[in-house]
Amino acid sequence: MKQIAIPILKIDYNFQILSWNPSAEDFLKENFDIQLKSKINIDTVFPESLSKNFKTNFKNNEGFFYRTFTFSKISNIEISCSPSLNSAGEVTDFSICLKLVTIKETASPENIIQLRNILENSSLAIFLSDPKGFVIDVNKAACNMFGYSYKEFKKLKREDIMLDNPDLKKAVIQRNKTGELRSELTGIRKNGKLFPCEVHSVIYTNNYGEKRTSTAIVDISSRKKQELIAENSKLAFQSLFDHNPYPVYSFDLKGNFTSINRSALKLGEGSREEALRTNFLSLIPSYDQARVGDYFMKAVSGQVQHYQTKFISLQGNQRTVQVTNFPIYINNEIVGVYGIAKDITKQVNIEQKLREERNMFRAIIDYIPDHIFVVNEMHETILTNFSFYKNYLGVKNEQESLGLIASDYFPKQEAQKIMKDNTRVMEKGVPVINRGDIVQNFDGRKDYTLLTKVPFKFGDNKKGLVGISRNITEIREKEEALEKLNKELKKHAEELALSNKELEQFAYIASHDLQEPLRMVTSFIFQLKKKYESQLDEKAQQYIYFAHDGATRMRQIILDLLEYSRVGRAEYKLSLVNLTNLISDVLLLQKKCIEEKKAEIKVNTLPNLEAEEPLLRQLFSNLIGNALKYDSKERNPKIEISAIEKEEYWEFEISDNGIGIEEEFKDKIFEIFQRLHQRSEYEGTGIGLAICKKILDNFGGEIWVQSKYGVGSSFYFTIPKQF
């Protein structure tokens, strides 16, 4: 600013001069005979009339204007004023440019150029437009603010840069009516982004008698953001204050309430108006006011205070409260005290009730069948229940058992072991929970017990131990008998598993080895028919047909039996199987049957499973094949495949509208070689569903059917998520 030839002053909102350049110092000394110094006011610098006109224009135009004021008969003084903004778009101060010109020079081109330079370098976005909204001229700040070039602005109108909404329409109507508007509107940048702005616009008449509009715009996005943050913080605090489940309130430095939330009003049992006229000490019993007042003064001095007291509501009801007081700071100065109260009346009453119920507790533990005892750090018994002193120690009452130590009723070596164990529990604080033990009662009988020892401390911080001993002799005897039985069952299960394995091996070998001789029989029958067909009568040809058909069916049974025996024997690698793709492959193999029967297949969303793919393929192939095979002759087959995710497994359903299954056969269909229909009606060996069951057994899943005869069937099966 020092290098600028134009006289420039910096002022604040109160018209105090903050700084100046050398040109301004010379200008004012020469023309006003004023020696500039810090913190002087414009009133001191300008003559009274000039100062008054300057302030009027400043206030009317919010610190942004260019005016010519009368200085003398031959000279005028041109004053331009514009605000300076910081990076957040906030006005920090105002720049004043001064120039003394003759009356003839007031509107000279030089002055116009100077004014143009001032406007171009202003941090405000400035527009010159006609009253209809078309842009005539703009400065650099406007181009930077809206993102348009000077040339692009020439093609724009008001609605291209300001959001056309009711606020804009109302502002334009106001300006056209009064000649001026001041409003917060919404600007539109070239990229379409909206932003809040302050707009000051005036209508004037130029030297040619044309109406023109001069508009200054300030981007207030940062200010609005800060205002929003502040408002949200205020709302959040107010919400926390108003809706806090605990009574929250504040009072001034004299203890008078200044704010109070709903919970506090409920505790105080009065209206907000009545509460705000009350001093908090009047709600404290007289005997405790001095103590509570002392806590209040400590909070006023900056300390956080916690205390418990009685509270008397405005209705006269008394409660017990736990209070926290802490100071309220504004600009690092304590202006009041916040309070948070917790009604602990119920808690105090409960504690009292617990004390009153101690005798009842004593009666209860005396009738518990477990042995209960308490010892101190000297290993002296200080509490026993009936079961302990009567059945364990063999004394008449608890009093006779008190003060005894382990050596009084155990052999010396056993007693030392017990006291050492008790010391470890009390010193290390590590409890013993349900430890198995064998103890000897006063009458010499030995019992199996579960022993629990828990460390605790008395009110005077002395160590102790609570023990509970449960007699499990009868349970232990039953467990031993059950364990013996389980071993026998395990042995039988192993023998059965071995037998099943041998049977499966036999079935595999038998079905595998039978194929070759059966293939030879089938081949010779075929050759016999081929060679001697013309020489045989109809009866002989029928015999050959029966033999060939029987051999073919036997071969299919052997193949199915072989397939059945292979399930669980072959080791397949686990892989991630896309069931949707797998079923598509299965349906492709069944394509001819599906087309012939005009079957409708619906496949719902299915999961991906990590499983043995060959077994999954065989499972779905058998079930879909059955649904196609056992269709009703009265309607086209409809088959639907779906899955439901459970917590530990997937549940699948394959439903059809086929012939259905009678209730009595629902369990038999999963047994091997179980057929429900004549071979002339439906082909098959009756082993397909047995294979499905064996696959699912191998997976750890289940299979079942729900069916209505003549309507259709739904086969359900589960596959665990983790094999």
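Which helix does S401 lie in? S401 sits in helix 16, which covers residues 398-401. The model you're looking at is predicted, so local features need a pLDDT of at least 70, side-chain atom pairs count only at pLDDT 80 or more, and totals for chains, interfaces and linings use all residues. Residues are numbered from 1 along each chain as its sequence is written, and side-chain values use heavy atoms, with hydrogens and water left out.

**The whole protein**

- Let's start with confidence: pLDDT is the predictor's confidence in each residue, from 0 to 100, and this protein averages 80. A score of at least 70 goes to 83% of the residues.
- Residues 675-682 have a pLDDT below 50. Beyond near neighbours in sequence, that stretch still has 18 contacts in the model, where a contact means heavy atoms within 4.5 Å.
- The secondary structure comes to 23 helices and 27 strands. These are DSSP runs numbered from the N terminus: helices are H or I with at least four residues, and strands are E with at least two.
- Out of 723 residues, 38% count as buried. Buried means under 20% relative accessible area, exposed means over 50%, and partly exposed is in between (1.4 Å probe, protein chains only).
- Take the contacts between residues at least 6 apart in sequence: 49% of them join residues at least 24 apart.

**The cavities**

- Rolling a probe the size of a water molecule over the atoms shows where empty space is left.
- Here a cavity is a set of points, on a 1 Å grid over the protein atoms alone, where a 1.4 Å probe fits but cannot get out; lining residues have an atom within 4 Å of a point. Grid points are joined across faces, edges and corners, and a volume is the space filled by probe spheres set on the points.
- By this rule there are 3 cavities of 30 Å³ or more.
- The largest cavity holds about 280 Å³ of space. It is lined by 26 residues, and Y249, F257, L267, L283 and F311 lie nearest its centre.
- Elements that give two or more residues to this lining are strand 11 (248-251), strand 12 (257-260), helix 10 (262-268), strand 13 (305-312) and strand 14 (318-330). Helix 10 gives the most, with 4 residues.
- By class, the lining of the largest cavity has 19 nonpolar, 6 polar and 1 charged residues. Ala, Val, Leu, Ile, Met, Phe, Trp, Tyr, Cys and Pro count as nonpolar, Asp, Glu, Lys and Arg as charged, and the others, Gly among them, as polar.
- The second largest cavity has a volume of about 220 Å³. Of its 18 lining residues, S129, R158, M162, R175 and T215 are closest to the centre.

**Around helix 16**

- Back to S401: its relative accessible area is 0%, so S401 is buried.
- The side chains of S401 and T384 are joined by a polar contact of 2.8 Å. That term means a pair of N or O atoms within 3.5 Å; within protein, one must be able to donate a hydrogen and the other to accept it, and residues adjacent in sequence count only if both atoms are side-chain atoms.
- Leaving out residues up to four places away in sequence, S401 touches T381, T384, Y389, L393 and V395.
- A406 is in the loop between helix 16 and helix 17 (412-428). A406 counts as buried because its relative accessibility is 7%.
- Skipping residues up to four places away in sequence, A406 touches A415, I418 and M419. A406 and M419 are 13 residues apart in sequence, and 6.9 Å apart in space from C-alpha to C-alpha.

**Other loop residues**

- F71 is found between strand 3 (65-70) and strand 4 (75-85), in the loop. With 29% relative accessibility, F71 is partly exposed.
- F71 and V101 are 30 residues apart in sequence, with their C-alpha atoms 9.3 Å apart in space.
- F15 has a positive phi, near 65°, and is a residue other than glycine. F15 lies in the loop between strand 1 (8-11) and strand 2 (17-20), and counts as buried at 7% relative accessibility.
- E269 isn't a glycine, yet its phi is positive at about 55°. The loop between helix 10 and helix 11 (272-275) holds E269, which is partly exposed with a relative accessible area of 30%.

Key
On a 1 Å grid over the protein atoms alone, a cavity is a set of points where a 1.4 Å probe fits but cannot get out, and a pocket is an open set with protein on both sides within 12 Å along at least five of seven lines; lining residues have an atom within 4 Å of a point.
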